[in-house]
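Here's a quick tour of one protein model, from its overall fold to its cores and pockets. Have the structure open as you read.

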Amino acid sequence: MTDKPFESLPRHVAVIMDGNGRWAKKRGLPRSEGHIEGAKTFRRIGEYAGNLGIRHLTFYAFSTENWSRPEAEVKAIMSLFGDYLDEALRRLDEDKEKGIRLRFLGDKSRIDPALVSLMDTVEEATREMTKVNLNIAVNYGGRQEILQAAQSIARDVKSGALSPEEITEQTIEERLYTAGQPPVDLLIRPSGEQRLSNFLLWQCAYAEFWYSDVLWPDFTEADLDRALGAYAARSRRFGGL
Ligand code: IPE
Ligand code: IPE
Ligand code: MG
């Protein structure tokens, strides 16, 4: 664990937790074992990042495209997610003491209603927390997120609550799953892939990208330190000079 302060800490770090399947394959294990290890890494890195003082953390756990995987794998991932929710409920008092607000980003309509009910309970119970905003993206797709924002705006225009001239970037932002949270400063993707895979399309407009060949289950606190160190050395210009 580091005790060195980072010169400029990103306000919002987003992580694509990729490489679980390859981690398992390398060991001759079923892919589900990779997801089990990946879930452990998520808990470890989430806690470490929160302790470092990163205020907004978003972890990509399941995409709108991941439904195309074999049913057994989808089931295994959802079951791990259920375990995490049970644990989050048991740990509510502890999390609240730490000031952790939990939110789930994505389209809940396709998720098992039993899980959605747990998700809603956890979100509601931590709503007042402000120290660490921990977002988990489940059945999340950046295009779907923008699409549902567009539909919401269209409904308001149709009802007369909003005129097309009044629509601003903020009108869109307040309808995204990340409403009220800052844009992504640093996007981390392990496992050697260098793509966004439909993650936080709007929010990553000016994000700094950091890639690593490490498979997510092997991702360590030192890897996060490296990403933060690289981030601190970047020059962000936002189109200016
Ligand atoms: C990320 O690991 C977890 C999910 C997408 C749910 P993968 O399962 O994509 O692992 P690889 O990319 O096949 O190694
Ligand atoms: C992105 O990983 C989604 C998550 C990590 C949840 P994928 O493994 O689904 O992405 P692709 O298919 O390699 O682009
Ligand atoms: Mg993958």
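The notes below go from the overall shape to the cores and then the pockets.

## Ground rules

This is a predicted model, in which local features need pLDDT of at least 70 and side-chain atom pairs count only at pLDDT 80 or more, while totals for chains, interfaces and linings use all residues. Residues are numbered from 1 along each chain as its sequence is written, chains are lettered from A and ligands numbered from 1 in the order in which they are written, and side-chain values use heavy atoms, with hydrogens and water left out.

## Overall fold

The protein has eight helices and six strands, which run β-α-α-β-α-α-β-α-β-α-α-β-β-α along the sequence. (Helices, H or I with at least four residues, and strands, E with at least two, are DSSP runs numbered from the N terminus.)

The C-alpha trace spans about 60 × 50 × 35 Å along its principal axes. For 241 residues, a compact globule would have a radius of gyration near 18 Å, and the protein's 18 Å agrees (taken over C-alpha atoms; the rule is 2.2 Å times the number of residues to the power 0.38). Of the 241 residues, 49% count as buried, meaning under 20% relative accessible area with a 1.4 Å probe, protein chains only.

## Nonpolar cores

The largest nonpolar core holds 42 residues, with F59 and I188 having the most contacts inside it; helix 3 gives the largest share of this core, seven residues. (A core is a set of buried Ala, Val, Leu, Ile, Met, Phe, Trp, Tyr and Cys residues joined through side-chain atoms within 4.5 Å.) A second, separate core has 12 residues, including A14, Y140, L187 and C204.

Beyond its neighbours within four places in sequence, F59 is in contact (heavy atoms within 4.5 Å) with residues including V15, F42, I136, F199 and W216.

The largest pocket contains about 650 Å³ of space. Of its 30 lining residues, M17, N20, Y60, A61 and F62 are the closest to its centre. Helix 2 supplies the largest share of that lining, six residues. (A pocket is an open set of points on a 1 Å grid over the protein atoms alone where a 1.4 Å probe fits, with protein on both sides within 12 Å along at least five of seven lines; lining residues have an atom within 4 Å of a point. Points are joined across faces, edges and corners, and volume is the space filled by probe spheres set on them.)

The second largest pocket, at about 380 Å³, has 20 lining residues, with G46, E47, G50, K98 and I100 nearest its centre. Helix 2 again gives the largest share, six residues.

Conventions. Buried means under 20% relative accessible area, exposed over 50%, partly exposed in between (1.4 Å probe, protein chains only).
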